[in-house]
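The text after it goes through them in turn.

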Amino acid sequence: MKIKTLISAAFMLTGCTINETLVHDPELNLMFQPEMYMHVSQEGTVRFPTEENFAVRAWMLPQNVSWNEGIGHAIEYMPLSEAYSREVTITDSDTRIAAKDTLWGTSETLLWPSSNDNLTFLAYAPFGAECNCDIENGISFHSDILLRQEDILFTEPQADRHKIEDGWVVPLQFSHALCKVNFRIKNRVPEREEILIRRIAISSAYTKGHFSSFRTPQWIQEGTPAEILFFEGESPTDNLPTDIGSGLMMIPQKLDTRITLDYDYQTSGGARLPMHQQTSVINTELEAGHSYTYTLSVGIDDVKLMQEIIGDIFE
């Protein structure tokens, strides 16, 4: 779509009309089009949920000064604000054909600055998350997965945006800060025998950490590794892999641990024998934005890791 088409649509949103005095420095609404980056899937990105709001902040620099060069002198243009979705109508200025789309904007109508200036944006989601957003650390927060299972999305700086050259709608690509671990179970027992899963745990992993999007590495683990409980209850098994539990968000880290299972082995005669077994050592680098599904094969007196599937968190 041509730039003049977007400008025309922006005037429709602000209630203005085009005239000669605004051709080179028009008044344009500041709006956003967020997406979520898929780390593994070949689709690249998926649309941000329309029911979700996010937090966004913007800084201003003269057009001839880049973000990397002038970050220390950037002036806040938009304080941390909540952006929510709304349906807008965009009209092509040539064909006059109107089309509806969903974009995000702040609660107050905010316009772009003068065409002499650029804006740089940082954002995170959900809006209510306990995150900091500044030019020193980017998006930063502390996580304790045992206290709160909250997926945090963040953006890298969307830098040096100009309202005419880049368009009045700002694309925001969100990435996941955490990862997710899931389990599937199958049994290796004769038809008249049964295995009931009682408990699944990762024996040792970090549960706390601090994240900063401007830091390398972005995650710094805190505290000491501890057992992480994934399932506790009673779940029957089959000779085909079956999902068990809902999985957990985890802090990205290097796993060097075993998976512990407690289960009951029920014989064909009706006797139920409690078992406590561990897998061999798992060595996996858990990376942000990935999901890890471990398929375990449970026998009468042993547990084997059959498969590790790496995918996107929300495939």
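This is a predicted model: local features need pLDDT of at least 70, side-chain atom pairs count only at pLDDT 80 or more; totals for chains, interfaces and linings use all residues.

**Charged pairs and ring pairs**

D101 forms a salt bridge with R47, and the closest N and O atoms of the two are 3.6 Å apart. The two residues come from distant parts of the chain: D101 is in strand β5 (residues 98-106), R47 is in strand β2 (residues 45-47), and 54 residues separate them. R47 is also partly exposed, at 41% relative accessibility.

Side chains of opposite charge can pair when their charged atoms come close. How many salt bridges does the structure hold? It holds twelve.

Another salt bridge joins E76 and R57, with the closest N and O atoms 2.7 Å apart. E76 belongs to strand β4 (residues 75-91) and R57 to strand β3 (residues 54-62), so this pair ties together parts that are 19 residues apart in sequence. With a relative accessibility of 37%, E76 counts as partly exposed.

R148 and E150 also meet through their side chains in a salt bridge, at 3.5 Å from N to O. R148 has a relative accessible area of 45%, so R148 is partly exposed. Salt bridges can also join into a group: R198, E234, D264 and R272 are linked in a network.

Now turn to the rings. The structure has 15 aromatic pairs. One of them is formed by W112 and F121, whose ring centres are 6.0 Å apart and whose planes stand at 80 degrees, an edge-to-face arrangement. Are these two residues buried or exposed? W112 is buried, with a relative accessible area of 5%, and F121 counts as buried at 0%.

The rings of F183 and F230 are also edge-to-face, because their planes meet at 85 degrees, and their centres are 5.1 Å apart. F183 lies in strand β12 (residues 179-187) and F230 in strand β16 (residues 226-236), so the pair ties together parts that are 47 residues apart in sequence. Both F183 and F230 are buried.

Finally, return to W112 and F121. Which aromatic cluster includes them? F32, F48, F54, W104 and F174 form one cluster together with W112 and F121.

Notes. Residues are numbered from 1 along each chain as its sequence is written. Side-chain values use heavy atoms; hydrogens and water are left out. A salt bridge is a side-chain nitrogen of Lys or Arg within 4 Å of a carboxyl oxygen of Asp or Glu. Helices (H or I, at least four residues) and strands (E, at least two) are DSSP runs, numbered from the N terminus. Buried means under 20% relative accessible area, exposed over 50%, partly exposed in between (1.4 Å probe, protein chains only). Rings of Phe, Tyr and Trp (its six-membered ring) pair if their centres lie within 6.5 Å; planes under 30 degrees apart count as stacked, over 60 as edge-to-face and the rest as tilted.
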